[in-house]
Amino acid sequence: MDIPGKSDKQPVAVKRKELAQLASFFLKQHSAYDMIPVSFRLIVLDTKLLVTKALSALVQNGVESAPMYNAAEACYSGMLTTTDLVNLIQYYYSNFSYSEAIEDLGKVQLENYKDLLMQFKSRQTNTLCANPLDTMYEISRRLLATDYSTLALVDEDTETGNDVIVSVLSIYRILNFMAVNIDDKKKLKQHSLYDLEIGTYGDLVTATMDASVIDIICMFVENNISVVPILDDNGVVLNVFAESDIILLAREGLLDELNIPVSEALALRPDDYPGVHTCTQSDTLFSVLDIIRKTQVQRLIVVDADIRPVGVVALSDVLRALIV
């Protein structure tokens with residue numbers, strides 16, 4: 001395939017190493033503390049909370065994850081995420097009625113949630129954490145060693161030895177911090193996604209506007225993905241349906257109506273919703289980081305000249321290319 005902007009002057013491995021050395025050096029110079037804003041909101045869930053109330057807290061606050069805290073043992077206990085909600089929906093929708101699911105989950109506390117999750121899902125609860133003094137390089141490698149996009153920053157109370165949840169750090173925030181603060185942006189502008197082999201290509205999971213929401217949720221679970229491109233009859237990208245859309249459905253009280261078409265679910269998005277953002281393989285890493293920073297999207301759909309999808313660039317793909 002002929003890719004505009006493709007350069008054969010350097011082997012891919014050399015280009016990636018050169019860029020990764022620059023980015024890794026930057027990440028090693030900064031700790032997680034450098035990324036904590038002066039003022040921010042942090043939602044922490046007590047493990048004595050019922051699962052239904054905890055998920056409601058995610059929905060009402062419009063967040064995709066929140067750390068859990070065991071007050072009895074004074075320790076961090078993992079993250080509750082939108083992905084967990086998606087897996088719960090798929091499991092209960094396939095095996096029980098909505099009322100039975102609510103009744104069942106209404107009896108389970110977060111402290112027993114890990115056991116519940118393991119009954120139908122091999123992946124364990126996200127218990128990743130880091131100390132605020134850890135470098136961004138260490139934290140980046142820790143995140144990339146898993147398929148999680150966030151972790152909790154946990155410090156220790158010097159008097160009691162208890163865990164103190166300081167903040168939550170995501171791959172998005174790491175990339176945003178780097179895009180704004182890295183000095184040598186020239187190298188970011190020199191290489192395209194194609195040059196650096198960033199992204200996942202071929203055999204994309206897609207759907208159309210008439211697909212049901214529950215069908216999309218099943219796609220999420222079965223393929224371990226968090227976004228599905230929505231195409232028209234000619235295969236052109238119209239939109240995407242993401243895990244974050246499940247939060248909007250829950251907020252509207254529609255989790256018992258998951259047979260509605262995707263078109264209806266997408267209409268629930270607020271006017272300021274980021275929507276779908278695309279790029280091409282010839283786009284530079286700098287331009288991709290700029291889109292991510294300005295729009296706060298979690299992934300980009302890679303399209304060809306006819307706006308047909310050829311791949312997906314997740315934030316983890318970008319960060320992985322920037323780590324030695």
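Visitor: How many residues stand between β5 and β6 in the hairpin that they form?

Guide: This is a predicted model, in which local features need pLDDT of at least 70 and side-chain atom pairs count only at pLDDT 80 or more, while totals for chains, interfaces and linings use all residues. Residues are numbered from 1 along each chain as its sequence is written, and side-chain values use heavy atoms, with hydrogens and water left out. Strands (E, at least two residues) and helices (H or I, at least four) are DSSP runs numbered from the N terminus. In the turn of this hairpin G161 has a positive phi of about 80°, and the count of residues between β5 and β6 is six.

Visitor: Which residue of β6 is the bridge partner of D155?

Guide: Two strands pair if DSSP finds at least two bridges between them. Strand β5 (residues 150-156) pairs with β6 in the antiparallel sense over seven bridges. Within β6, the partner of D155 is V164.

Visitor: How many of the eight residues of strand β6 are buried?

Guide: A residue is buried under 20% relative accessible area, exposed over 50% and partly exposed in between, with a 1.4 Å probe and protein chains only. Strand β6 (residues 163-170) is largely enclosed by the rest of the structure, because its buried residues number six.

Visitor: Which residue of β13 is the bridge partner of T200?

Guide: Strands β7 and β13 (residues 309-314) run antiparallel and are joined by two bridges. In β13, the partner of T200 is V312.

Visitor: How many of the nine residues of helix α11 are buried?

Guide: Helix α11 spans residues 243-251 and is mostly covered. Among its buried residues are E243, D245 and L249. The buried residues pack against several elements, including α3 (82-95) and β10 (237-242). Those buried in α11 number eight.

Visitor: At roughly what angle do the axes of α2 and α11 cross?

Guide: Axes are lines fitted to C-alpha atoms, for helices over the stretch in contact (heavy atoms within 4.5 Å), and angles run from 0 to 180 degrees between N-to-C directions. V59, Q60 and N61 in α2 meet I247, A250 and R251 in α11. The two axes come within 9 Å, and the crossing angle is roughly 100°.
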